[in-house]
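Hi,

Here is the structure I said I'd pass on to you.

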Amino acid sequence: MATRVGANRILRAGRFHHPFGDPNRTPEGEFLWRRQVVEAALRALTVPVEQPTTFEVAEYVMR
Amino acid sequence: MAFRVVHYLNQFYGGIGGEAEADAPFTVREGPVGPGRRLEQALGGDGRVVATLVCGDNAFHERRDETLAKITAAAREWAPDVLVAGPAFASGRYGLACAAVASRVGAELRIPALAGMHRDNPGAQPLDPPIYIVPTGETSVEMDAALEGMARLARRLRSGQRLGPARTEGYLPRGIRRNTGTGRPAAARAVDLLLGRLGGAAVETELPIEVRDRVAPPPPVADLAHATIALVTEAGVVPKGNPDGIEAARATRWARYSIEGMERLRPGDYESIHGGYDNAWVNQDANRVLPVDALRAMEHERLIGRLHPEYFVTCGSIGNPTEMRRMGREIAREIAAAGVTAVILPAT
């Protein structure tokens, strides 16, 4: 959906109804996972783009 | 002999359930289901709905290619003459699924395919291979009119006759232009158009220029460690009680709420009022939409300069693009004035 409406930086994260959540993990595990997704989002903000671009979490984890 | 229609529906119209059942896997039912029965009536004996393909909106999108292949194989078994999908009205995920199904099945089975949805539905954007989209109202209040329009177009497509312009045949323009003669020279038509406009009449242009709503991407963030990051969301997560009355659908209001000094969004203090997704997970823990806990931790570790002390929220369910653009601009003004460097926008 984000690609169709033309958002310029799109990060594929969790599911529709909890983009920064993963209820299948323990609370601690979910928080660590959420940090990775947020780090990927922040990294994506530092990448120049010319048009709507989709980013994947795995490529952009800081540590 | 009545022509054969295969009908695509999501989990809601297919009678499985609402948002909580959006994971429902693809299934096939013989004959018409739910609105398919009225579709069959609207076809008036000219067509029969021989099978209904039902798939949860989340299930479809999360395994798109695999699901499209299964749907196409299933449709082929029922030897349809026409594929009809929806109507999806303003539901974005459903509209996108309808359009994708119509396009794939139509192309692979080489049959006419149409979907019904509101003109602002993200699924109404032109596709390749192209399909016909019958414009509908925003909600299922207008189901009957939607099905009438879809049945009418299905009959026309089956007739084998060349279709007229989109406007007269009742589908959304596809950017296909055919020249016809009107018997009057262009100069005369142009003068009539001008006089009509000057006189206040609502005369339509022969040549609509498409306005593309593209936003040029800004330059990237140069220095995250000194950047102020703000959270803006359309997920409808608000303090319990929804103090500013943000609407659960077709929202016209947005609000800002302080997260100053918060290590995380406290469970129990927030709720989601967004009618378009299953709110259970977010109601348990709002950080699953607004990752305040993660961003605050990163602020402490100086990976970012600052988490902006407010978050901004509206509800994007069945959002009117004009209202959404206005709210986006208003929020952007506030954010720019506050010196925010970049925004993370959690979307549902």
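Predicted model: local features only at pLDDT ≥ 70, side-chain atom pairs only at ≥ 80, totals over all residues.

**Where the chains meet**

Chain A puts 26 residues in contact with 34 residues of chain B. On the chain A side, the elements that give two or more residues are α1 (2–5) and α2. Of these, α2(A) gives the most, with seven residues. If you sort that side of chain A by class, you get 15 nonpolar, six polar and five charged residues.

Two packed helices are described by the angle between their axes and the distance between the axes. Here, helix α2 (residues 27–45) of chain A packs with helix α9 (residues 292–300) of chain B at an angle of about 70 degrees, and their axes are 9 Å apart. Angles of 65 to 115 degrees count as roughly perpendicular, so α2(A) is roughly perpendicular to α9(B). From α2(A), the contact uses F31(A), R34(A), R35(A) and V38(A). From α9(B), D293(B), A294(B), L295(B), A297(B) and M298(B) take part. By class, this contact has six nonpolar and three charged residues, with no polar ones.

**A sheet in chain B**

Next, look for an open sheet of four strands in chain B, in the order β9-β11-β7-β12, with mixed pairing. Which strands stand at the edges? They are β9 (255–258) and β12 (342–344) of chain B; each has a single partner strand, so one side of each is left without a neighbour in the sheet. On average, neighbouring strands of this sheet are turned by 30 degrees against each other, direction ignored.

Strand β7 (residues 228–233) and strand β11 (residues 306–313), both of chain B, run parallel and are joined by five bridges. To see one residue pair, go to I229(B), whose bridge partner in β11(B) is L307(B).

**A helix in chain B**

Last comes helix α4 (residues 92–109) of chain B. With 18 residues at 1.5 Å a residue, α4(B) should span 26 Å, and its end C-alpha atoms are 25 Å apart, which agrees. Is α4(B) enclosed by the rest of the structure or left open? Of its 18 residues, 15 are buried, so α4(B) is largely enclosed by the rest of the structure. Just after α4(B), R110(B) takes a positive phi of about 50 degrees.

Cheers

Technical notes
Residues numbered from 1 in each chain as written. Chains lettered and ligands numbered in written order. Pairing = 2+ DSSP bridges. Axes fitted to C-alpha atoms, helices over the stretch in contact; angles between N-to-C directions. Expected span 1.5 Å × (residues − 1). Buried ≥ 20, exposed ≤ 12 C-beta atoms within 10 Å, placed from the backbone. Parallel < 35°, antiparallel > 145°, perpendicular 65-115°, else oblique. Contact = placed C-beta atoms within 7 Å. Nonpolar A, V, L, I, M, F, W, Y, C, P; charged D, E, K, R; others polar.
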